Amino acid sequence: MTRDALREGIAAARQKRAAFFFFTILALFLLIGVAVTLGSAGFSVAEAYRAVLAGLFPGSFESSDLAQTIVWDFRLHRVLFAVVAGFGLAVAGTVMQGILRNPLASPFTLGIASAASTGASVAIVLGAGFVGGSYLIIGNAFLFALLAALIIYAMARYRGMGATSMILAGIALMYLFSAVTSLLQYLGTADELQEVVFWMFGSLDRSSWPKLGIVTLLLAVCMPYLVYRAWDLNALAEGDEIAESLGVPVNRAMTIFMFIASLLTAAVICFTGTIGFIGLVAPHITRMVVGTDHRFLLPASGLVGALLLLGADSLARTLLAPVVLPVGIMTAFLGVPFFIYLFMRRRDAGW
Amino acid sequence: MVRLEVDALSFSYRDRSVLDTIRFAAESPGVVGLVGPNGSGKTTLIKCIDGILKPEGMVLLDGAKIPSLSRPEVARRVAYVPQGITNHSHATVYETVLMGRRPHLSWRVSEADEEAVVQAMEALKVEEFAFRCLGDLSGGERQRVMVARALAQGSPLMLLDEPTSALDLRNGMEVMETVGRLAHEHGRLVVMAIHDLTLAARACSLLVVLRHGRVYAQGTPAEVLTPDLIAEVYGVEAVVEEREGVPYIFPLRPRRD
């Protein structure tokens, strides 16, 4: 290959990346517009946009009170929550796959989501929790998720912080927390059982502006840091020793990345319940197009996650309308076939 | 020019001594071969020199103690290619070699970084598959990519752990020739662990023979590689013949005591 061809190849990869960003952002904006119009009070895309703009710039745009109420009080925060939740879960998955060098790593295979379910079940069935009042379930889910991450971290640390030991610890924890959740379901009343099951389905029904604010704020803090530290993630993806020899303080970097990924996951799923597969699938899809450089992979995979979750939620709202399906079920329906495809496609599946 | 001094270096895993008062010194340009049977401590010594493991004793690079430097500072001085890359990453060859520039990059990839990457790929002849995934390459191609990354790192000291283990006869010779050329043209010091004594004899200016974690002998290949030493260190009866100034080893049979 000549030097010019090499340079052209590098430039072409750059253009492909730029195009990917352009089209995913465009698609996301369009989908947000469509998603805001979906629902029983049928009005057009144009009306929906007008209502959004009228809320943002009162006086400059005309819109009916009804449309404005429906859009601003019921739909917009749910749609935007889907965007930030999908973004956060995908970024968390990307970070975990990167540092654990395992394509199957995600907030769910590491037991963090099961722990959140256990936390929610403890709140629902036993009424016990760390935070009281209306935040009992959310607080429990959040803290249990972080607790799981902490246990994995401590176990891995004890064994020398290897990627494989972290995954094994995570899988073991997943089973343990699932068992605790099952036990609580068994002991609970029919109503409690129903509530637990419903929580675990994962749904955006419980979204609100303050919750949207919390997750957005967290992303606004974590994302720039992760992108700034992207070279460390790139190096870690090559293996601990290589990362070390490339100048990455491996233990410290692993700890920080693991913490951020867990925090993002916990912050999202404590509000939504279990939404699987976004964190697993979005990084894989994105990596195929954008490549493995985390400087671009992280934001791109966040965008794909946002698209996927918003798409899944839009489907969940329309498929059996007026019944709204839990989005966690939809993401699993979309995610599982992909997961299997991934397995079939791997040529080095021998481990 | 760069000067590496290893002095009274010892290392133990828990209570098992792996390296015991290792001592040698070398200057660039040059290629140092660490040879010795399996388990003699070659890989551990390389990791100690890079500061990945923390040994007792001294590792000095131009007078600076490597353990006292920060990781990025070490990375600008020392590049390391581990043994047996089992990397299934989706990274392309270009992305992988680019990683070598990490110690120098701020965040953006500059023209100079890109140029260093292109040159390193050309030097190891991996530019042909610059945009293929690492996982799709043969073992030998992958090994060349790893050496290219170490070269792109621009560090005066390069540590290579068995750089030819996955390579066939020709590729092995070519990589060793490239390594020798890099050492002399770019003024680098290369320290490599290597099993193939003949390849080592052809490429190295200094051989350090390890046995049970100690330096058994050191010197030029012609000084060191004698039938007696091979019998003693490897337990193999061998004939050594010199061709073009290089000692060639013909192993005959395991020695029976």
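User: In this predicted model, why does B:His212 count as buried or exposed?

Analyst: The relative accessibility of B:His212 is 64%. Exposed means over 50%, so B:His212 counts as exposed. The residue lies in the loop between strand 9 (206–211) and strand 10 (214–219) of chain B. Phi of B:His212 is near 50°, a positive value in a residue other than glycine.

User: What makes A:Phe277 partly exposed?

Analyst: A:Phe277 has a relative accessible area of 24%. Buried would require a value under 20% and exposed one over 50%; A:Phe277 is therefore partly exposed. A:Phe277 is found in the loop between helix 11 (250–272) and helix 12 (278–290) of chain A. Although A:Phe277 is not a glycine, its phi is positive, at about 75°.

User: How do you know that the span of helix 2 of chain A agrees with its 12 residues?

Analyst: The expected span is 1.5 Å times one less than the number of residues. For the 12 residues of helix 2 (residues 45–56) of chain A, this should give 16 Å. The end C-alpha atoms are 17 Å apart, which agrees.

User: Which residues of helix 2 of chain A are buried, and why are they said to be on the same side of the helix?

Analyst: The buried residues are A:Ala48, A:Ala51, A:Val52 and A:Ala54. They cover an arc of only 165° around the axis, and this puts them on the same side of helix 2 of chain A.

User: What do these buried residues pack against?

Analyst: The buried residues of helix 2 pack against helix 1 (3–37) and helix 3 (65–100) of chain A.

Note on methods: Residues are numbered from 1 along each chain as its sequence is written. Chains are lettered from A and ligands numbered from 1 in the order in which they are written. This is a predicted model: local features need pLDDT of at least 70, side-chain atom pairs count only at pLDDT 80 or more; totals for chains, interfaces and linings use all residues. Side-chain values use heavy atoms; hydrogens and water are left out. Helices (H or I, at least four residues) and strands (E, at least two) are DSSP runs, numbered from the N terminus. Buried means under 20% relative accessible area, exposed over 50%, partly exposed in between (1.4 Å probe, protein chains only). The arc is that of the directions from the helix axis to the C-beta atoms. Contact means heavy atoms within 4.5 Å.
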